[in-house]
Amino acid sequence: MKKKKTILLLVIGILIIITLSLRVTYSYMKAKVEKGENTNITVSTCAKIQLKDNGNSINLENTYPMDDSMGLETKPYEFAISSTCEDYVGFNLYLISLNDNQIEDNNIHFAITNKNKIILSEGILNNQEKSEKDFSTEELNELDIGIKGIHKNIYKILNKAMPLKGESTYQLYLWVDKDATNETMRKNFRVGLSIKSYERENNLAVDLSNNGFDGKFKNGATIKKDDENNFGLYLDGKDDYVDIVDLPKTIDWANGFTIEFEAKWLNLNYWSRVIDFGNGPDADNILIGNVENTNNLMLSLRIGNSAFPNEKIFDNIIEINKKNNYKFVYQKNNNGYEETLYKNNLLIENVSYELTDTIKNIKRTENYIGKSNWEVYGADKNFCGYIYFLKITDSKNDLIIYYDFSK
């Protein structure tokens with residue numbers, strides 16, 4: 001039986017009012033936020049995704065048209081999106097300008113960040129995708145009630161997948177763009193915020209860290225039960241893998257990190273990887289995998305194309321057809337860095353490096369689960385088996401990436 005399509009529209013009655021006035025030779029913004037009750041429009045059955053704020057507001061008192069870096073220093077409007085749906089859903093987030101605004105949309109700059117201040121979407125409002133077509137006539141009428149006005153333009157500013165029964169927190173920044181002219185003085189601008197959910201396929205590794213580092217299942221990678229009835233990410237060892245989005249240079253690898261995962265190898269494919277993050281082969285890689293066709297496990301941290309001395313091989317660690325937990329800790333000490341491996345919470349080995357250089361905090365664009373960046377040379381093979389979860393934290397124990405395939 002075909003599943004019934006699930007759509008949900010929520011409108012939060014937030015009207016962000018920006019008033020510009022001229023004082024001496026500076027342009028000042030006065031602002032307040034008016035909040036109404038949320039308007040919940042249920043189009044079909046899964047009305048279990050919510051947009052909720054924490055009672056705060058955007059305060060633009062005595063500010064002025066500014067560049068992007070200054071705009072991101074202002075106080076944001078914080079909200080959360082949560083789902084209790086049993087099915088896989090995603091959402092589109094919309095920003096709505098009102099037709100009686102006195103400032104044009106092309107003068108307003110926005111940014112959406114996650115709780116760790118990583119920018120997920122930003123730009124001039126008028127340059128975003130206009131999406132009135134996403135709403136029926138009935139929904140548009142309800143939308144206008146929710147924003148206490150008449151919509152002018154509806155912009156899609158963010159599209160994200162939701163984890164099953166998960167919640168994500170975001171911040172919305174708004175400011176008058178630095179290129180705004182004197183025509184914006186003593187004028188008002190109002191926006192509304194809305195969300196619409198949709199069914200999605202179970203073809204994403206959703207990053208539970210709320211950092212947005214989702215991955216796409218490729219070539220048949222899937223979630224399924226192993227022979228012990230445990231759910232996990234299954235990779236067939238031929239061409240399956242997960243392709244993770246770009247990892248920005250703002251991630252702090254250099255001060256240390258922890259990588260923890262649970263996996264079951266079904267076959268020791270040649271140099272197969274659990275993870276390989278980098279910019280191609282020998283390009284600042286962070287990789288974990290088995291050595292050749294052996295049960296030795298390797299953690300390699302490349303500085304440019306150099307692996308030495310940031311490469312450690314742990315002998316006779318992998319057990320075929322057995323589910324095990326592995327945790328690598330890479331941290332600073334008095335002389336440089338040390339690297340520690342735990343297996344099933346038991347200490348296996350600790351080694352210290354006297355280092356002056358370590359892994360770089362740079363943007364990495366070729367990031368995989370189950371696939372090697374060296375695959376282009378035709379030798380390295382893909383991972384064969386199950387990966388149940390992968391969690392990476394920084395030196396402060398803040399999440400960088402977290403996937404849980406076991407649920």
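**View 1. Leu 204 stands opposite Lys 216 in strand S16 of this predicted model.** Strand S15 (204–205) and strand S16 (residues 215–218) pair in the antiparallel sense over two bridges, where strands are DSSP runs (E, at least two residues) numbered from the N terminus and two strands pair if DSSP finds at least two bridges between them. Residues are numbered from 1 along each chain as its sequence is written. Because the model is predicted, local features need pLDDT of at least 70 and side-chain atom pairs count only at pLDDT 80 or more, while totals for chains, interfaces and linings use all residues; side-chain values use heavy atoms, with hydrogens and water left out.

**View 2. An open sheet of eight strands is joined by antiparallel pairing.** The order of its strands is S15-S16-S19-S28-S21-S22-S23-S24, and S15 and S24, the edge strands, each pair on one side only.

**View 3. The largest nonpolar core holds 47 residues.** Such a core is a set of buried (under 20% relative accessible area, 1.4 Å probe, protein chains only) Ala, Val, Leu, Ile, Met, Phe, Trp, Tyr and Cys residues joined through side-chain atoms within 4.5 Å. Trp 253, Phe 261, Trp 265 and Ile 369 touch the most other members, and strand S20 (residues 256–267) gives the most to this core, with five residues.

**View 4. Asn 321 has a positive phi of about 60° although it is not a glycine.** Asn 321 lies in the loop between strand S24 (311–314) and strand S25 (324–332). Leaving aside neighbours within four places in sequence, Trp 265 is in contact (heavy atoms within 4.5 Å) with residues including Asn 321, Ile 320 and Tyr 326.

Notes:
Helices (H or I, at least four residues) and strands (E, at least two) are DSSP runs, numbered from the N terminus. Buried means under 20% relative accessible area, exposed over 50%, partly exposed in between (1.4 Å probe, protein chains only).
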